[in-house]
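User: I am new to this structure and would like to learn how to read its features one at a time. Could you show me the general idea each time, and then the case at hand?

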Amino acid sequence: SPNENFDVEETLENLASKRFMDYGDIALINKIPRKLAVALIFDASNSMEGEKIVMAALAVAALAHKLENDHYSIVAFKNKAEVVKGFGEKLSIEEVVSKVLHYEYGGVTNIEDGLLKGLEQMEGCLAKEDYSERLGILVTDGWATTGGDPLEVAMQYPRLHVLQIGVGGGRIESTRLCEEVASVGHGVHTLIDDINELPYALMNILRCN
């Protein structure tokens, strides 16, 4: 219902003893009242597997609860990017979570194309409604193995935060890239050592914007 709220801590406790998440595990807190449009852009390449996918789905569920249904977009990227849910597209939280859980993961990592698709989504939402703030949230390990320079696209965002889930390939270049993307995107870079922290980190970004 519209009055439902999402509580990440309680939800994670519910998940601790389970292998799979279901809708009943989602606990509740206040939605964001203002017009905030968010494009969540997540890495669906080879580095995403097992628990990372479940946590990505939980983060999406938290985002969906926190915002009005048509105020967010989900973009997945590997060798190329694909819109999983577009702005204004009416999908239930169960449908969005299912799409993330059952997405075909694997392949190389084209961060540039992910950011391009996210930017297209944000520009498209401008034509529909006046949002007080628009932001992108990139979730990746930072190891870009194909595509062009992500920085060229990142600097076109009004605000772009980066949640780095581990260090891609164990390479310092991966962290450096994530830091630079956040910097030119006027956002914050957060390195997440424990994948279980992803939903908390996402909620923290939404609280600060």
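Predicted model: local features only at pLDDT ≥ 70, side-chain atom pairs only at ≥ 80, totals over all residues.

Analyst: Residues are numbered from 1 along each chain as its sequence is written, and side-chain values use heavy atoms, with hydrogens and water left out.

User: How many helices and strands does the protein chain have, and in which pattern do they follow along the sequence?

Analyst: Helices (H or I, at least four residues) and strands (E, at least two) are DSSP runs, numbered from the N terminus. Here the protein chain has seven helices and six strands, and reading along the sequence gives the pattern α-β-α-β-β-α-α-β-α-β-α-β-α.

User: What share of the residues in the protein chain is buried?

Analyst: A residue is called buried under 20% relative accessible area, exposed over 50%, and partly exposed in between (1.4 Å probe, protein chains only). Of the 209 residues in the protein chain, 51% are buried. As for contacts, meaning heavy atoms within 4.5 Å, residues 24 or more positions apart account for 77% of those in the protein chain with a separation of 6 or more.

User: Which residues have the most contacts inside the largest nonpolar core?

Analyst: A nonpolar core is a set of buried Ala, Val, Leu, Ile, Met, Phe, Trp, Tyr and Cys residues joined through side-chain atoms within 4.5 Å. The largest one has 42 residues, and those with the most contacts inside it are L63, I74, I137, L163 and L198. The elements giving two or more residues to this core are strand 1, helix 2, strand 2 (72–77), helix 3 (93–101), strand 4 (133–140), strand 5 (160–165) and helix 7 (198–208), and helix 2 supplies the largest share, 11 residues. There is also a second, separate core of 23 residues, which includes A81, L151, Y157 and A182.

User: Where is L163, and is this residue buried or exposed?

Analyst: L163 lies in strand 5 and is buried, with a relative accessible area of 0%. Neighbours within four places in sequence aside, L163 has contacts that include I137, L138, V139, L198 and I205. Although L163 and L138 are 25 residues apart along the chain, their C-alpha atoms are separated by 6.0 Å.

User: Which residues line the largest cavity?

Analyst: Rolling a probe the size of a water molecule over the atoms shows where empty space is left. On a 1 Å grid over the protein atoms alone, a cavity is a set of points where a 1.4 Å probe fits but cannot get out, and lining residues have an atom within 4 Å of a point. Grid points are joined across faces, edges and corners, and a volume is the space filled by probe spheres set on the points. The structure holds one cavity of 30 Å³ or more, and the largest cavity has a volume of about 40 Å³. Its lining consists of L40, F42, A56, A59, V60, V139 and L198. Strand 1 (36–43) and helix 2 (51–66) are the elements that give two or more residues to this lining, with helix 2 giving the most, three residues.

User: Where is H186, and what is its phi near?

Analyst: H186 is in the loop between helix 6 (172–184) and strand 6 (189–192), and its phi is near 60°, a positive value in a residue other than glycine. With a relative accessible area of 46%, H186 is partly exposed.

Methods
1 Å grid on protein atoms, 1.4 Å probe; cavity = no way out; pocket = protein on both sides within 12 Å on 5 of 7 lines; lining within 4 Å.
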